[in-house]
Amino acid sequence: MLNYKLELDFALEQDQKDELSAFRNKFHIPKDKKGNELIYMTGNSLGLQPKTTKAYINQELEDWANLGVEGHTEAKNPWLKYHEFLTESMANIVGAKPIEVVVMNTLTANLHFMMVSFYKPTKTRYKILIEADSFPSDKYAIESQLRHHGFDDKEGVILWKARQGEELTNYDDLETIFEAHGNEIALVMIGGINYYTGQYFDLKRITKLGHKHGCLVGFDCAHGAGNVELNLHDSGADFAVWCTYKYLNSGPGSLAGCFVHERHAYNKSLNRFTGWWSHNKQTRFRMRDEFDQLPGAEGWQLSNPPILSMAAIKASLDMFQEVGMKKLVKKSKNLTGYFEFSINELNNEHIKIITPKNPEERGCQLSIQVKNADKLLHHKLTEAGIISDWREPDVIRCAPVPLYNSFQDVYHMVNKLKAILNE
Ligand SMILES: *Cc1c(COP(=O)(O)O)cnc(C)c1O
(Lines give C-alpha, C1' and ligand atoms only; values in the text may rest on other atoms or scores of the structure.)
Protein backbone atom coordinates (compact mmCIF):
# COMPACT_ATOMS: atom_id res chain seq x y z
CA MET A 1 0.00 0.00 0.00
CA LEU A 2 1.11 3.50 -0.75
CA ASN A 3 1.76 6.08 1.87
CA TYR A 4 -1.15 8.30 0.92
CA LYS A 5 -1.27 12.00 1.76
CA LEU A 6 -4.22 14.34 1.43
CA GLU A 7 -2.05 16.98 -0.23
CA LEU A 8 -2.18 18.48 -3.69
CA ASP A 9 1.51 17.79 -4.28
CA PHE A 10 0.98 14.14 -3.52
CA ALA A 11 -1.96 13.95 -5.94
CA LEU A 12 0.05 15.70 -8.66
CA GLU A 13 2.94 13.30 -8.18
CA GLN A 14 0.61 10.29 -8.42
CA ASP A 15 -0.87 11.61 -11.65
CA GLN A 16 2.60 12.03 -13.09
CA LYS A 17 3.47 8.44 -12.20
CA ASP A 18 0.17 7.09 -13.52
CA GLU A 19 0.73 5.04 -16.70
CA LEU A 20 -2.91 5.61 -17.70
CA SER A 21 -2.96 9.38 -17.16
CA ALA A 22 -2.95 10.07 -20.91
CA PHE A 23 -6.37 8.44 -21.30
CA ARG A 24 -8.14 11.29 -19.51
CA ASN A 25 -7.44 13.45 -22.54
CA LYS A 26 -9.22 10.94 -24.76
CA PHE A 27 -12.56 11.81 -23.14
CA HIS A 28 -14.84 14.82 -23.17
CA ILE A 29 -14.90 16.07 -19.58
CA PRO A 30 -18.13 18.00 -18.80
CA LYS A 31 -17.65 21.65 -17.85
CA ASP A 32 -19.54 24.18 -15.75
CA LYS A 33 -21.08 27.35 -17.20
CA LYS A 34 -17.79 29.21 -16.86
CA GLY A 35 -15.99 26.53 -18.82
CA ASN A 36 -14.20 24.90 -15.89
CA GLU A 37 -13.97 21.14 -15.89
CA LEU A 38 -16.32 19.50 -13.43
CA ILE A 39 -15.15 16.76 -11.11
CA TYR A 40 -17.04 13.88 -12.65
CA MET A 41 -17.60 11.03 -10.19
CA THR A 42 -20.57 9.35 -11.83
CA GLY A 43 -19.02 7.07 -14.40
CA ASN A 44 -20.88 4.34 -12.53
CA SER A 45 -24.11 5.84 -13.82
CA LEU A 46 -23.18 7.24 -17.23
CA GLY A 47 -19.63 6.93 -18.48
CA LEU A 48 -18.08 9.86 -20.32
CA GLN A 49 -17.87 10.14 -24.08
CA PRO A 50 -14.63 9.08 -25.74
CA LYS A 51 -13.47 11.70 -28.23
CA THR A 52 -13.29 8.99 -30.90
CA THR A 53 -16.96 8.04 -30.61
CA LYS A 54 -18.12 10.64 -33.10
CA ALA A 55 -15.79 9.37 -35.83
CA TYR A 56 -16.90 5.76 -35.27
CA ILE A 57 -20.56 6.76 -35.64
CA ASN A 58 -19.81 9.04 -38.58
CA GLN A 59 -18.17 6.14 -40.40
CA GLU A 60 -21.46 4.25 -40.31
CA LEU A 61 -23.53 7.32 -41.21
CA GLU A 62 -21.31 7.87 -44.23
CA ASP A 63 -21.45 4.25 -45.31
CA TRP A 64 -25.21 4.35 -44.97
CA ALA A 65 -25.35 7.60 -47.01
CA ASN A 66 -23.05 6.22 -49.74
CA LEU A 67 -24.08 2.59 -49.88
CA GLY A 68 -27.64 2.31 -48.60
CA VAL A 69 -28.58 -1.31 -48.13
CA GLU A 70 -25.27 -2.49 -49.64
CA GLY A 71 -23.64 -1.37 -46.41
CA HIS A 72 -24.73 -4.66 -44.85
CA THR A 73 -21.93 -6.31 -46.80
CA GLU A 74 -19.90 -3.43 -48.33
CA ALA A 75 -19.49 -1.00 -45.43
CA LYS A 76 -15.97 -0.62 -44.04
CA ASN A 77 -17.30 -2.57 -41.06
CA PRO A 78 -20.00 -4.71 -42.70
CA TRP A 79 -23.20 -4.35 -40.72
CA LEU A 80 -24.26 -7.97 -41.09
CA LYS A 81 -21.58 -9.08 -38.70
CA TYR A 82 -21.06 -5.82 -36.83
CA HIS A 83 -21.80 -7.38 -33.43
CA GLU A 84 -18.92 -9.79 -34.02
CA PHE A 85 -16.48 -6.86 -33.97
CA LEU A 86 -17.41 -6.36 -30.32
CA THR A 87 -17.34 -9.92 -29.11
CA GLU A 88 -13.67 -10.55 -28.46
CA SER A 89 -12.96 -7.32 -26.60
CA MET A 90 -16.17 -7.67 -24.59
CA ALA A 91 -15.21 -11.25 -23.73
CA ASN A 92 -11.83 -9.98 -22.50
CA ILE A 93 -13.48 -7.35 -20.34
CA VAL A 94 -15.79 -9.77 -18.54
CA GLY A 95 -13.39 -12.74 -18.52
CA ALA A 96 -15.31 -15.03 -20.84
CA LYS A 97 -14.81 -17.02 -24.02
CA PRO A 98 -16.04 -15.39 -27.23
CA ILE A 99 -18.73 -18.06 -27.68
CA GLU A 100 -20.15 -17.04 -24.30
CA VAL A 101 -20.67 -13.35 -25.07
CA VAL A 102 -22.90 -11.23 -27.23
CA VAL A 103 -23.89 -7.56 -27.34
CA MET A 104 -27.61 -7.16 -27.92
CA ASN A 105 -30.79 -5.47 -26.68
CA THR A 106 -30.84 -3.47 -23.48
CA LEU A 107 -30.05 -4.68 -19.99
CA THR A 108 -33.43 -5.41 -18.43
CA ALA A 109 -34.60 -6.93 -21.73
CA ASN A 110 -31.61 -9.30 -21.65
CA LEU A 111 -32.38 -10.21 -18.07
CA HIS A 112 -35.85 -11.27 -19.13
CA PHE A 113 -34.58 -13.23 -22.13
CA MET A 114 -32.13 -15.03 -19.86
CA MET A 115 -34.91 -15.87 -17.44
CA VAL A 116 -36.96 -17.33 -20.28
CA SER A 117 -34.18 -19.90 -20.55
CA PHE A 118 -32.86 -20.15 -17.01
CA TYR A 119 -35.85 -19.60 -14.80
CA LYS A 120 -37.57 -22.96 -15.01
CA PRO A 121 -39.96 -23.05 -12.07
CA THR A 122 -41.76 -26.18 -10.92
CA LYS A 123 -44.57 -26.48 -8.35
CA THR A 124 -42.10 -27.05 -5.54
CA ARG A 125 -39.02 -25.24 -6.81
CA TYR A 126 -40.01 -21.84 -8.12
CA LYS A 127 -38.51 -19.16 -5.88
CA ILE A 128 -35.97 -16.56 -6.92
CA LEU A 129 -33.19 -15.45 -4.58
CA ILE A 130 -31.97 -11.87 -4.91
CA GLU A 131 -30.00 -9.47 -2.69
CA ALA A 132 -32.24 -7.20 -0.60
CA ASP A 133 -31.14 -3.83 -1.95
CA SER A 134 -31.06 -4.91 -5.55
CA PHE A 135 -31.49 -2.44 -8.38
CA PRO A 136 -35.25 -1.80 -8.75
CA SER A 137 -35.37 -2.87 -12.41
CA ASP A 138 -33.96 -6.30 -11.49
CA LYS A 139 -36.45 -6.67 -8.66
CA TYR A 140 -39.37 -5.69 -10.90
CA ALA A 141 -38.13 -8.08 -13.58
CA ILE A 142 -37.99 -11.10 -11.28
CA GLU A 143 -41.36 -10.27 -9.74
CA SER A 144 -42.94 -10.08 -13.16
CA GLN A 145 -41.37 -13.42 -14.12
CA LEU A 146 -42.96 -14.96 -11.03
CA ARG A 147 -46.36 -13.54 -11.99
CA HIS A 148 -45.85 -14.65 -15.58
CA HIS A 149 -45.50 -18.23 -14.37
CA GLY A 150 -48.53 -17.91 -12.09
CA PHE A 151 -46.73 -17.50 -8.77
CA ASP A 152 -47.10 -14.92 -6.04
CA ASP A 153 -44.57 -12.14 -6.56
CA LYS A 154 -43.99 -11.58 -2.83
CA GLU A 155 -43.96 -15.13 -1.57
CA GLY A 156 -41.78 -16.25 -4.46
CA VAL A 157 -38.93 -13.83 -3.72
CA ILE A 158 -36.27 -14.71 -1.16
CA LEU A 159 -34.20 -11.74 -0.06
CA TRP A 160 -30.57 -11.97 0.99
CA LYS A 161 -30.53 -9.18 3.54
CA ALA A 162 -27.86 -7.42 5.54
CA ARG A 163 -28.18 -7.98 9.28
CA GLN A 164 -29.91 -5.44 11.47
CA GLY A 165 -27.63 -2.42 11.86
CA GLU A 166 -25.29 -3.59 9.07
CA GLU A 167 -25.00 -2.40 5.48
CA LEU A 168 -23.39 -5.37 3.76
CA THR A 169 -24.78 -8.83 3.23
CA ASN A 170 -22.80 -11.74 4.55
CA TYR A 171 -22.09 -15.20 3.22
CA ASP A 172 -22.98 -17.08 6.41
CA ASP A 173 -26.51 -15.75 6.04
CA LEU A 174 -26.56 -16.83 2.41
CA GLU A 175 -25.59 -20.37 3.43
CA THR A 176 -28.32 -20.35 6.06
CA ILE A 177 -30.86 -19.33 3.40
CA PHE A 178 -29.73 -22.17 1.14
CA GLU A 179 -29.86 -24.70 3.95
CA ALA A 180 -33.41 -23.70 4.82
CA HIS A 181 -34.80 -23.01 1.33
CA GLY A 182 -32.29 -24.40 -1.20
CA ASN A 183 -34.75 -26.91 -2.64
CA GLU A 184 -37.40 -24.20 -3.19
CA ILE A 185 -35.10 -21.89 -5.16
CA ALA A 186 -35.16 -22.19 -8.95
CA LEU A 187 -32.96 -19.21 -9.69
CA VAL A 188 -30.33 -17.16 -7.92
CA MET A 189 -30.11 -13.70 -9.49
CA ILE A 190 -27.71 -11.30 -7.80
CA GLY A 191 -26.27 -7.94 -8.81
CA GLY A 192 -22.55 -8.78 -9.27
CA ILE A 193 -21.64 -5.46 -7.65
CA ASN A 194 -24.43 -3.97 -5.60
CA TYR A 195 -25.33 -0.60 -7.09
CA TYR A 196 -26.02 0.96 -3.68
CA THR A 197 -23.22 -0.24 -1.41
CA GLY A 198 -20.60 -1.00 -4.07
CA GLN A 199 -20.13 -4.47 -2.56
CA TYR A 200 -18.56 -6.83 -5.10
CA PHE A 201 -19.89 -10.30 -4.48
CA ASP A 202 -17.89 -13.48 -4.81
CA LEU A 203 -19.53 -14.75 -7.99
CA LYS A 204 -17.78 -18.09 -7.89
CA ARG A 205 -18.72 -18.78 -4.29
CA ILE A 206 -22.37 -17.83 -4.85
CA THR A 207 -22.51 -19.92 -8.01
CA LYS A 208 -21.04 -22.95 -6.25
CA LEU A 209 -23.52 -22.62 -3.42
CA GLY A 210 -26.45 -22.22 -5.81
CA HIS A 211 -25.42 -25.16 -7.97
CA LYS A 212 -24.86 -27.35 -4.91
CA HIS A 213 -28.50 -26.80 -4.05
CA GLY A 214 -29.71 -27.45 -7.59
CA CYS A 215 -30.41 -23.83 -8.53
CA LEU A 216 -29.46 -22.00 -11.70
CA VAL A 217 -27.37 -18.88 -11.11
CA GLY A 218 -27.19 -15.56 -12.96
CA PHE A 219 -25.71 -12.15 -12.25
CA ASP A 220 -26.50 -8.61 -13.26
CA CYS A 221 -23.05 -7.17 -13.75
CA ALA A 222 -24.06 -3.64 -14.76
CA HIS A 223 -21.77 -2.25 -12.06
CA GLY A 224 -19.03 -4.79 -12.69
CA ALA A 225 -18.37 -4.69 -16.43
CA GLY A 226 -15.37 -2.48 -17.14
CA ASN A 227 -14.92 -1.90 -13.41
CA VAL A 228 -13.60 -5.18 -11.96
CA GLU A 229 -12.26 -8.44 -13.37
CA LEU A 230 -15.44 -10.47 -13.40
CA ASN A 231 -13.97 -13.76 -14.66
CA LEU A 232 -17.43 -14.84 -15.71
CA HIS A 233 -16.37 -18.10 -17.32
CA ASP A 234 -14.44 -19.15 -14.29
CA SER A 235 -17.26 -18.15 -11.94
CA GLY A 236 -19.31 -20.95 -13.48
CA ALA A 237 -22.45 -18.77 -13.55
CA ASP A 238 -25.13 -19.91 -15.96
CA PHE A 239 -25.71 -16.42 -17.34
CA ALA A 240 -24.89 -12.78 -16.78
CA VAL A 241 -26.12 -9.49 -18.18
CA TRP A 242 -24.75 -5.94 -18.06
CA CYS A 243 -25.16 -2.59 -19.70
CA THR A 244 -22.47 -0.69 -21.61
CA TYR A 245 -23.34 2.90 -20.73
CA LYS A 246 -21.88 2.88 -17.21
CA TYR A 247 -18.19 1.92 -16.98
CA LEU A 248 -18.12 0.98 -20.65
CA ASN A 249 -18.77 4.54 -21.87
CA SER A 250 -21.00 3.73 -24.82
CA GLY A 251 -23.61 6.46 -24.42
CA PRO A 252 -27.03 6.83 -22.82
CA GLY A 253 -29.34 3.84 -23.18
CA SER A 254 -26.86 1.96 -25.35
CA LEU A 255 -26.97 -1.77 -25.98
CA ALA A 256 -26.21 -4.34 -23.33
CA GLY A 257 -24.00 -7.39 -22.93
CA CYS A 258 -25.01 -10.94 -22.28
CA PHE A 259 -23.05 -14.01 -21.13
CA VAL A 260 -24.21 -17.60 -21.36
CA HIS A 261 -21.81 -20.17 -19.99
CA GLU A 262 -20.16 -22.46 -22.53
CA ARG A 263 -21.86 -25.49 -20.96
CA HIS A 264 -25.14 -24.25 -22.46
CA ALA A 265 -23.68 -23.24 -25.85
CA TYR A 266 -24.92 -26.23 -27.84
CA ASN A 267 -27.98 -27.07 -25.79
CA LYS A 268 -30.87 -26.82 -28.23
CA SER A 269 -33.39 -28.06 -25.71
CA LEU A 270 -33.18 -24.91 -23.59
CA ASN A 271 -36.37 -22.95 -24.02
CA ARG A 272 -35.83 -19.50 -25.47
CA PHE A 273 -37.41 -16.71 -27.45
CA THR A 274 -35.95 -16.59 -30.93
CA GLY A 275 -35.86 -14.44 -34.04
CA TRP A 276 -34.03 -14.53 -37.35
CA TRP A 277 -30.79 -13.39 -35.71
CA SER A 278 -30.76 -16.53 -33.55
CA HIS A 279 -30.75 -18.59 -36.74
CA ASN A 280 -27.72 -20.13 -38.43
CA LYS A 281 -25.82 -17.33 -40.19
CA GLN A 282 -25.13 -19.39 -43.31
CA THR A 283 -28.78 -20.00 -44.08
CA ARG A 284 -30.41 -17.00 -42.39
CA PHE A 285 -31.25 -15.34 -45.69
CA ARG A 286 -32.84 -18.35 -47.33
CA MET A 287 -35.73 -17.22 -45.17
CA ARG A 288 -37.74 -20.41 -45.54
CA ASP A 289 -35.59 -22.83 -43.66
CA GLU A 290 -36.68 -24.64 -40.58
CA PHE A 291 -35.26 -22.85 -37.58
CA ASP A 292 -31.60 -23.75 -37.05
CA GLN A 293 -30.24 -22.55 -33.70
CA LEU A 294 -26.98 -20.60 -33.64
CA PRO A 295 -24.67 -21.98 -30.95
CA GLY A 296 -23.45 -19.87 -28.04
CA ALA A 297 -24.69 -16.59 -26.65
CA GLU A 298 -25.33 -15.33 -30.20
CA GLY A 299 -28.16 -17.80 -30.37
CA TRP A 300 -30.17 -15.57 -28.03
CA GLN A 301 -30.18 -12.63 -30.46
CA LEU A 302 -33.50 -11.74 -32.04
CA SER A 303 -33.06 -8.79 -34.35
CA ASN A 304 -30.54 -7.24 -36.64
CA PRO A 305 -28.88 -4.75 -34.30
CA PRO A 306 -28.69 -0.93 -34.27
CA ILE A 307 -25.33 -0.19 -35.88
CA LEU A 308 -25.05 3.42 -34.64
CA SER A 309 -25.24 2.30 -31.04
CA MET A 310 -22.79 -0.51 -31.73
CA ALA A 311 -20.37 1.94 -33.31
CA ALA A 312 -20.28 3.87 -30.04
CA ILE A 313 -19.63 0.64 -28.17
CA LYS A 314 -16.83 -0.24 -30.57
CA ALA A 315 -15.15 3.14 -29.96
CA SER A 316 -15.11 2.43 -26.26
CA LEU A 317 -14.17 -1.25 -26.42
CA ASP A 318 -11.22 -0.50 -28.72
CA MET A 319 -9.91 1.73 -25.93
CA PHE A 320 -10.46 -0.97 -23.30
CA GLN A 321 -8.63 -3.39 -25.56
CA GLU A 322 -5.69 -0.99 -25.68
CA VAL A 323 -5.55 -0.58 -21.88
CA GLY A 324 -6.57 -4.06 -20.71
CA MET A 325 -8.44 -4.83 -17.51
CA LYS A 326 -5.28 -5.69 -15.56
CA LYS A 327 -3.79 -2.20 -15.79
CA LEU A 328 -7.16 -0.61 -15.30
CA VAL A 329 -7.90 -2.51 -12.11
CA LYS A 330 -4.41 -1.84 -10.80
CA LYS A 331 -4.90 1.90 -11.12
CA SER A 332 -8.46 1.63 -9.86
CA LYS A 333 -7.38 0.03 -6.61
CA ASN A 334 -4.79 2.73 -6.08
CA LEU A 335 -7.15 5.59 -6.93
CA THR A 336 -10.06 4.31 -4.85
CA GLY A 337 -7.63 3.50 -2.05
CA TYR A 338 -6.56 7.15 -2.12
CA PHE A 339 -10.18 8.26 -2.13
CA GLU A 340 -10.97 6.06 0.87
CA PHE A 341 -7.89 7.23 2.75
CA SER A 342 -8.73 10.88 2.09
CA ILE A 343 -12.32 10.60 3.28
CA ASN A 344 -11.21 8.77 6.39
CA GLU A 345 -8.65 11.53 7.01
CA LEU A 346 -11.55 13.96 7.43
CA ASN A 347 -12.56 11.92 10.44
CA ASN A 348 -16.02 13.48 10.31
CA GLU A 349 -18.89 11.79 12.10
CA HIS A 350 -21.38 13.19 9.58
CA ILE A 351 -20.25 10.74 6.91
CA LYS A 352 -19.34 7.06 6.75
CA ILE A 353 -18.16 4.83 3.90
CA ILE A 354 -20.35 1.73 3.71
CA THR A 355 -18.52 0.08 0.79
CA PRO A 356 -16.33 -2.88 1.84
CA LYS A 357 -12.84 -1.93 3.04
CA ASN A 358 -11.28 -4.92 1.31
CA PRO A 359 -10.24 -3.82 -2.22
CA GLU A 360 -11.11 -7.34 -3.50
CA GLU A 361 -14.71 -6.83 -2.44
CA ARG A 362 -15.36 -3.60 -4.30
CA GLY A 363 -14.74 -1.79 -7.57
CA CYS A 364 -13.98 1.92 -7.85
CA GLN A 365 -17.22 3.18 -6.29
CA LEU A 366 -17.39 4.30 -2.69
CA SER A 367 -20.81 4.82 -1.14
CA ILE A 368 -20.79 7.53 1.49
CA GLN A 369 -23.59 7.30 3.99
CA VAL A 370 -24.70 10.70 5.25
CA LYS A 371 -25.92 11.13 8.82
CA ASN A 372 -29.62 12.00 9.16
CA ALA A 373 -29.96 11.49 5.38
CA ASP A 374 -28.85 15.09 4.90
CA LYS A 375 -29.43 15.57 1.18
CA LEU A 376 -28.21 19.14 1.40
CA LEU A 377 -24.65 17.82 1.47
CA HIS A 378 -25.10 16.31 -1.97
CA HIS A 379 -26.64 19.54 -3.20
CA LYS A 380 -23.68 21.57 -1.95
CA LEU A 381 -21.22 19.18 -3.57
CA THR A 382 -23.01 19.65 -6.89
CA GLU A 383 -22.86 23.43 -6.48
CA ALA A 384 -19.13 23.09 -5.85
CA GLY A 385 -18.69 21.38 -9.22
CA ILE A 386 -18.62 17.78 -8.07
CA ILE A 387 -20.89 15.44 -9.97
CA SER A 388 -21.87 12.55 -7.73
CA ASP A 389 -25.24 10.98 -7.14
CA TRP A 390 -27.64 10.73 -4.27
CA ARG A 391 -29.37 7.41 -3.76
CA GLU A 392 -32.28 7.12 -1.34
CA PRO A 393 -32.36 6.73 1.56
CA ASP A 394 -29.01 8.21 2.59
CA VAL A 395 -26.06 7.57 0.29
CA ILE A 396 -23.84 9.65 -1.97
CA ARG A 397 -22.21 7.42 -4.56
CA CYS A 398 -18.85 8.48 -5.98
CA ALA A 399 -16.83 6.54 -8.49
CA PRO A 400 -13.34 7.71 -9.44
CA VAL A 401 -13.07 5.93 -12.78
CA PRO A 402 -9.50 4.90 -13.59
CA LEU A 403 -9.74 5.66 -17.31
CA TYR A 404 -10.47 9.36 -16.87
CA ASN A 405 -10.45 10.38 -13.23
CA SER A 406 -7.22 11.59 -11.68
CA PHE A 407 -5.69 11.70 -8.24
CA GLN A 408 -6.18 15.46 -8.44
CA ASP A 409 -9.92 14.89 -8.97
CA VAL A 410 -9.99 12.88 -5.78
CA TYR A 411 -7.95 15.45 -3.90
CA HIS A 412 -10.17 18.35 -5.00
CA MET A 413 -13.35 16.43 -4.33
CA VAL A 414 -12.35 15.55 -0.78
CA ASN A 415 -11.01 19.01 -0.11
CA LYS A 416 -14.32 20.55 -1.14
CA LEU A 417 -16.21 17.99 0.90
CA LYS A 418 -14.08 18.97 3.87
CA ALA A 419 -14.85 22.66 3.42
CA ILE A 420 -18.59 21.96 3.12
CA LEU A 421 -18.60 19.75 6.23
CA ASN A 422 -16.74 22.45 8.20
CA GLU A 423 -19.08 25.27 7.22
C1 LIG B 1 -28.10 0.43 -14.44
C2 LIG B 1 -28.78 -0.79 -14.04
C3 LIG B 1 -29.99 -1.20 -14.63
C4 LIG B 1 -30.65 -0.35 -15.69
O5 LIG B 1 -31.39 -1.15 -16.57
P6 LIG B 1 -31.66 -0.72 -18.08
O7 LIG B 1 -32.44 -1.85 -18.59
O8 LIG B 1 -30.34 -0.52 -18.75
O9 LIG B 1 -32.44 0.56 -18.04
C10 LIG B 1 -30.55 -2.39 -14.22
N11 LIG B 1 -29.97 -3.15 -13.26
C12 LIG B 1 -28.83 -2.79 -12.66
C13 LIG B 1 -28.21 -3.67 -11.61
C14 LIG B 1 -28.20 -1.61 -13.02
O15 LIG B 1 -27.08 -1.23 -12.41
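Let me start at the ligand: a polar side-chain atom of tyrosine 245 sits 2.5 Å from one of the ligand's oxygen atoms. The model is a predicted one, and every distance I quote is computed from it.

Staying with the ligand, the protein covers 82% of the 390 Å² of accessible area that the ligand has on its own. Two other side chains come up here. In aspartate 138, a polar side-chain atom lies 2.8 Å from a nitrogen atom of the ligand. In histidine 223, a side-chain N or O atom is 3.2 Å from an oxygen atom of the ligand.

Which residues are around the ligand? They are Leu107, Thr108, Phe135, Asp138, Asp220, Ala222, His223, Tyr245 and Lys246. By type, this shell divides into four nonpolar, two polar and three charged residues.

Next, the surface. Leu61, Trp64 and Leu308 form a nonpolar patch there, and together they have about 290 Å² of accessible area. Leucine 61 belongs to helix α2, which runs over residues 53-67. Is leucine 61 buried or partly exposed? Its relative accessibility is 32%, so leucine 61 counts as partly exposed.

Asparagine 44 is in the loop between β1, residues 39-40, and α2. Asparagine 44 counts as buried because its relative accessibility is 0%. Its side chain makes a polar contact of 3.1 Å with the side chain of glutamine 365.

Along the chain, alanine 399 and leucine 366 are 33 residues apart, while their C-alpha atoms are separated by 6.2 Å.

On to salt bridges. Side chains of opposite charge can pair when their charged atoms come close. How many salt bridges are there in this model? The count comes to 26. I will go through three of them and then a network.

Glutamate 13, at 39% relative accessibility, counts as partly exposed. Lysine 17, at 56%, counts as exposed.

Another is lysine 154 with aspartate 153, with 3.7 Å between the closest N and O atoms. Why does lysine 154 count as exposed? Because its relative accessibility is 60%, and exposed means over 50%. Aspartate 153 has a relative accessible area of 17%, so aspartate 153 is buried.

Then there is lysine 375 with glutamate 392, whose side chains meet in a salt bridge at 3.4 Å, N to O. This pair links distant parts of the chain, 17 residues apart: lysine 375 is in helix α12, residues 375-383, and glutamate 392 is in the loop between β12 (389-391) and β13. Lysine 375 is partly exposed at 46% relative accessible area, and glutamate 392 is exposed at 52%. As for the network, salt bridges that share partners join Arg24, Glu37 and Asp409.

Glutamate 392 comes up again in the backbone. The peptide bond from glutamate 392 to proline 393 is cis, with omega near 5 degrees. Proline 393 is placed in the loop between β12 and β13.

Last, two backbone angles. Asparagine 372 is in the loop between β10, residues 366-370, and α12. Its phi is near 55 degrees, which is a positive value in a residue other than glycine. Asparagine 372 is exposed, with a relative accessible area of 70%.

Alanine 373 lies in the loop between β10 and α12. What is the phi of alanine 373? About 45 degrees, positive although alanine 373 is not a glycine. Alanine 373 counts as partly exposed, at 36% relative accessibility.

To go back to where I began: the polar side-chain atom of tyrosine 245 is 2.5 Å from a ligand oxygen, and the one of aspartate 138 is 2.8 Å from a ligand nitrogen. That is the end of my part.

Technical notes: Residues numbered from 1 in each chain as written. Predicted model: local features only at pLDDT ≥ 70, side-chain atom pairs only at ≥ 80, totals over all residues. Heavy atoms only, no water. Near = heavy atom within 4 Å. Polar contact = N/O pair within 3.5 Å; in protein donor to acceptor, adjacent residues only side chain to side chain. Areas by Shrake-Rupley, 256 points an atom, 1.4 Å probe, with all protein chains shown as cover. Nonpolar A, V, L, I, M, F, W, Y, C, P; charged D, E, K, R; others polar. Patch = residues over 30% accessible without salt bridge, like charges linked within 9 Å, V, L, I, M, F, W, Y side chains within 5 Å. Salt bridge = Lys/Arg side-chain N within 4 Å of Asp/Glu carboxyl O. Helix = DSSP H or I, 4+ residues; strand = E, 2+ residues; numbered from the N terminus. Buried < 20%, exposed > 50% of the residue type's maximum accessible area, 1.4 Å probe, protein only.
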